[in-house]
Amino acid sequence: MEETSAVRRLDRLGVVLVAGGIAATALMPFIYVKANRIAAGKPMLLTQLFPQPSVIILTALLLHTAFATLFLRNALARLAIATLCLAALIAAIGLVSTAATPPGSTVARMTPGGGFWVLFAVIGLIISDALVKIRLAPWMRVAVLAAYTALLFLSLSSGLLDSLSIMKEFSTRAPQFRTEAISHLLLALGSLAIAIVLGLPLGILCFWVPKLRAVVLQGLSLIQTIPSLALFGLLMLPLGYLATHVPLAADIGVRGIGTAPSLIALVLYSLLPIVANTVVGLQGVDPSVRDAAAGMGLTRRQILTGIDMPLAFPVILTGIRIVLVQAIGMVTIAALIGGGGFGIFIFQGLGQTAMDLVLLGAVPTVFFAFSSAVILDAVIDSIRGSAA
Amino acid sequence: MTMIEIRNVTKRYGAATVVDKVSMCVEKGSITVIVGTSGSGKSTLMRMINRLVPITEGEIFVGGQNVIDVPVTELRRKIGYAIQGHGLFPHRTVAQNIATVPQLLDWDSVRIAKRVEELLGLFNLDPATFADKYPHQLSGGQQQRVGVARALAAEPELLLMDEPFGALDPVIRGKAQDDLLAIQKQFGTTVILVTHDMDEAFHLGNHIAVMSQGKLLQCSTPEKILTEPADPFVQQLTGTSDRALKLMSLLPLKESMEPAKSGLAYALPQSLSLRDALAEMIWQGVDEAAVQDGEKAPVGSISMSRLLELGRKA
């Protein structure tokens, strides 16, 4: 037994991650140096960037992280070294960009390459794996998310990354970025709120009336199968008709394009997870509990609010989590029909073949979706933890 | 005094008649056990008393009042209700579970706390340990006791129990049955209990109501059910192989003993049933034994031949 414990087994996920990281570093460009935003650009491997000090430090930390991932059992130590490595990676891409930018040039663009993104993802996965192994309490996970977000904003506001292409795109669009960020969040959270207000009662009704259940759930599933792009398009016609023929509708802002069809489409997609999870959650309540409650003289309303809803709540919250993450992603498509949001940058970037602009829309969208998933998972776990 | 009067009650679901023109009375302060096979309509009959099942035809009176005339939540809050698998609220503590009906009745918090503590003590659950636990942290027997405590929380005069001990293992079930008898004696609560277990019916019931296919076949004392079965089905349900022993288990030794005699080497307590006395005398190998009261003073005697005579069909 002593021999087997002395020869430590390699962590399988670690091997895959380290191999991926090495391959990406060796084969994929760390950065593209472009003369302007739509030029093809000159790919540079990380190894070609020696002997810049930041690259040397980054390489040293990458080696340490790889070693820690493969051989270190202590998750806390792995978390620390990987976090340090992540910081070095972000600093390095900023410093390398600054170094590569010709002095005084405003048109040159430094775009992170595949090597950077793979390293970023690999280190991110090493960090999240370490966090999972540490088994943090739900609220601690939110605190960790806040800490990493603070780290990100610190490096963004320090000016360290200002030479990076995505930041150059940002600097020329800062006011618009803020507007689109707000409208993106408003669309996602607004459609979620409307879907909850409509979906909860509908779910309860479906639970009480089994005949209604089949019809409603099948109808909502059907909506879910319509491609989002098509649904946005389908809504333009009736809403446009409504706006031109019913003055009141136009007055409250209903138009064929813009917020109204975006919101309606998002709500339609959001209804199925909420209604279905409400039904499943209520079905999961032990019938004998409901029978005892009725037998003791609780009114129907008291059973619903005091027994059924609290017991079904964790399942309903799982539905809300699905909806929020889905909506944050789907809002990007709403930009096509004038709904606003980060999708604006994505579609503008696609139209101009400016990938940096696409990233300016995609990166914050992924960040919002990821953050909301972590936060809602923590809420769900803390509710389950206190009930079980 | 009559606590419950059931008059010609029928329950139909579409074409199926689940309870068929049942009439019976329940005396105040007694335990009535409704027994029958599954699908006999016994649970349905009981659930019509607190209107969990709407009555199709007929009338039920509780304390002289037609249940239809009482608002349904008010009716149910006055009647204790305990079911198989306890039905405790998993998201509420033991104390909160027990406080359910008193809270619905707007008792003040001091009175509720006092009552919860009293009931936990009564069911041998230390309030300091158990009041703040959640149901899933309790054993099956403890959950069942909390379920009955909750049903008794608002001091109901009537307690309905639907197979309350069905989920317990035999040892804990016997203990739970004895607890119920002790608490029923203390509060004088009228109890209606539904079961499919004939032994449980004989053990607990002052009266036994036998149901089959929606019909009430017989409602009588356990002795009458045994000695004068109204129907072949009743006889089959009580079993024929150990009728004598079942009958003797219902008869107390105290009422059948002969005058005290001197010179008897072996003594039995007078609290035994004839069946237990017989079993004890067979085991000890004695033909005659003295009978003692609680203070071990001789109050009578019993002989084997007298016992065998008492077990004979009347």
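Residues are numbered from 1 along each chain as its sequence is written, while chains are lettered from A and ligands numbered from 1 in the order in which they are written. Because the model is predicted, local features need pLDDT of at least 70 and side-chain atom pairs count only at pLDDT 80 or more, whereas totals for chains, interfaces and linings use all residues; side-chain values use heavy atoms, with hydrogens and water left out.

**Chain A as a whole**

Chain A has 16 helices and three strands; helices (H or I, at least four residues) and strands (E, at least two) are DSSP runs, numbered from the N terminus. The C-alpha trace of chain A spans about 75 × 70 × 30 Å along its principal axes. Of the 388 residues in chain A, 45% are buried, where buried means under 20% relative accessible area, exposed over 50%, and partly exposed in between (1.4 Å probe, protein chains only). Among contacts (heavy atoms within 4.5 Å) in chain A between residues at least 6 apart in sequence, 75% join residues at least 24 apart. The accessible surface of chain A comes to about 19,000 Å², and carbon and sulfur atoms hold 75% of that area. Accessible areas come from the Shrake-Rupley method with a 1.4 Å probe, and for residues only the protein chains shown count as cover.

**Salt bridges**

Over all chains, the structure holds 21 salt bridges, each a side-chain nitrogen of Lys or Arg within 4 Å of a carboxyl oxygen of Asp or Glu. Here are some of them:

| Pair | Closest N and O atoms |
|---|---|
| Asp129(A) and Arg78(A) | 3.7 Å |
| Arg47(B) and Asp291(A) | 2.9 Å |
| Lys175(B) and Asp179(B) | 3.0 Å |

Asp129(A) forms its salt bridge with Arg78(A). This pair links distant parts of the chain, with Asp129(A) in helix H5 (residues 114–134) and Arg78(A) in helix H4 (residues 75–100) of chain A, 51 residues apart. Asp129(A) counts as buried because its relative accessibility is 16%, and Arg78(A) is buried too, with a relative accessible area of 6%. A network of salt bridges links Arg78(A), Asp129(A) and Lys133(A).

Arg47(B) pairs with Asp291(A) in a salt bridge. The pair crosses between chains, from helix H1 (residues 42–49) of chain B to helix H13 (residues 287–295) of chain A. Asp291(A) is buried, at a relative accessible area of 17%.

Lys175(B) and Asp179(B) sit four residues apart in helix H8 (residues 170–187) of chain B, about one turn of the helix. Lys175(B) is partly exposed at 47% relative accessibility, whereas Asp179(B) is buried at 16%.

**One more residue**

Ala99(B) lies in the loop between helix H3 (94–98) and helix H4 (100–104) of chain B. Is Ala99(B) buried or exposed? Ala99(B) counts as buried, because its relative accessibility is 4%. Leaving aside residues up to four places away in sequence, Ala99(B) touches Ile112(B) and Val116(B).
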